[in-house]
Amino acid sequence: MIDERYRLLGQKMAAFQESKKLSIAFLGGSLSRGEGVPGEDCFVSVFGREIQRRWKERGRIRVIQRGESGTMSSNGLFKAGELCEQKPDIVFIDYAMNDTSDRYLWECTEGLVYQFLKNEIAVVILLFCNEQGQCTRGAMEKTAAHYRVPVLDIGSTVWRQVQSGKMSWEEYAGDYVHPTVNGHHRIAEMLCDFMDGLEAGAEPVVSLPDEPVYSGAFLNYQILSLRRDMRHRKPGDVIFRKTITCRMLLMEFIQDKIKNPANVRIEINGRLVNLAEAYASMAWGNRVCRYLCGDGSLSEYDVAVILGRDRHPDGWDYSDMDFKLLWGGAGL
């Protein structure tokens, strides 16, 4: 009998035996992107080549890489719908290094797992570690246990090898967290070994739990892009003003290191709660996601999005920030 955590994976492997096709996605932060190493040496790329070599007689493997540096599980919610449309069979979630202990990120992790399982996509949560052997383990493991999905704890394996002297931290990573080329190849090997250990099976998958593990703030959610609404607009323009019924509200936008004092004001119930700044000294054209409001209970919020200061560089437009709102709950 296959462990219930692996039954959906077992069904995917059984389908692979019939179709000879398997699609595997990696959604996460800088590790899944391969920060600091050539693209071909990122563990996602190495895994794709190696698993295809090991399984060349079994069929064709497609690997989808959706790693983006500096992102958290909250950013992952903004990507999940698009990834579901690509219909991967399996998705590995890699946000344990970037997520903090903030409650809303626990909710985002649950929302991600729920969305994929609802779309019959098998989920594996990846855990890595920093040079102290740590990551955001608790929320990840609690969510995995509740939804009966496996955790592949690569970080603990690496840390045991470092502590036992079988490998130095410098052999594995080039800084406090990002693997070297050697580290990425080790990760890919562990991923391939994990896949080799999966059994094909047709045992029924345990249904989704009736209750959420937290408040279920993002079991269903909506995304609203305001990019078009911000095109060719001026400071002080009100881009969005509506009453939203939701459990939690997030925003996502692009920041850059080009000097630019422009920002977007977000007011909740007539009070300024956050600013989306176009510029940050450490930015690189990356996506920033921030919590705006909500404690997990269904509540009404009067939300206004207002363009702030101007004096932006020539050729720049507020729409370049690609500003989006995401709320979990009932809707407008």
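Helices (H or I, at least four residues) and strands (E, at least two) are DSSP runs, numbered from the N terminus. The views below show a predicted model.

**Figure 1. Strand 11 at the second largest pocket.** Strand 11, which covers residues 286-293, contributes four residues to the lining of this pocket and so gives the most to it. The pocket holds about 190 Å³ of space. Its lining consists of 14 residues, and those nearest the centre are Gly 70, Trp 284, Asn 286, Arg 287 and Val 288. Sorted by class, the lining of the second largest pocket comprises seven nonpolar, six polar and one charged residues.

**Figure 2. The largest pocket and the elements that line it.** The volume of the largest pocket is about 260 Å³. A total of 19 residues line this pocket, and Leu 8, Leu 117, Val 205, Val 206 and Leu 208 lie nearest its centre. At least two lining residues come from each of helix 1 (7-19), helix 5 and strand 4 (122-127). Helix 1 supplies three residues, the most given to the lining of the largest pocket. Twelve residues of the lining are nonpolar, two are polar and five are charged.

**Figure 3. The packing of helix 4 against helix 5.** Two packed helices are described by the angle between their axes and the distance between the axes. Here helix 4 (residues 73-85) and helix 5 (residues 103-118) pack at an angle of about 15°, and their axes lie 8 Å apart. Because angles under 35 degrees count as roughly parallel, helix 4 is roughly parallel to helix 5. The crossing of helix 4 and helix 5 is left-handed. On the side of helix 4, the contact is made by Ser 73, Ser 74, Gly 76, Leu 77, Ala 80, Leu 83 and Cys 84. Helix 5 takes part in the contact through Tyr 104, Leu 105, Cys 108, Thr 109, Gly 111, Leu 112, Gln 115 and Phe 116. The residues of this contact between helix 4 and helix 5 divide into nine nonpolar and six polar, with no charged residues.

**Figure 4. The largest cavity and its lining.** One cavity of 30 Å³ or more is found when the whole structure is searched. The largest cavity contains about 40 Å³ of space. Gly 29, Ser 30 and Leu 31 line the cavity, together with Thr 71 and with Asp 94, Tyr 95, Ala 96, Met 97 and Asn 98. By class, four residues of this lining are nonpolar, four are polar and one is charged.

Note on methods: Residues are numbered from 1 along each chain as its sequence is written. This is a predicted model: local features need pLDDT of at least 70, side-chain atom pairs count only at pLDDT 80 or more; totals for chains, interfaces and linings use all residues. Side-chain values use heavy atoms; hydrogens and water are left out. On a 1 Å grid over the protein atoms alone, a cavity is a set of points where a 1.4 Å probe fits but cannot get out, and a pocket is an open set with protein on both sides within 12 Å along at least five of seven lines; lining residues have an atom within 4 Å of a point. Grid points are joined across faces, edges and corners, and a volume is the space filled by probe spheres set on the points. Ala, Val, Leu, Ile, Met, Phe, Trp, Tyr, Cys and Pro count as nonpolar, Asp, Glu, Lys and Arg as charged, and the others, Gly among them, as polar. Axes are lines fitted to C-alpha atoms, for helices over the stretch in contact, and angles run from 0 to 180 degrees between N-to-C directions. Angles under 35 degrees count as roughly parallel, over 145 as roughly antiparallel, 65 to 115 as roughly perpendicular and the rest as oblique. A crossing is left-handed if the near helix is turned anticlockwise from the far one by less than a right angle, and right-handed if clockwise. Contact means heavy atoms within 4.5 Å.
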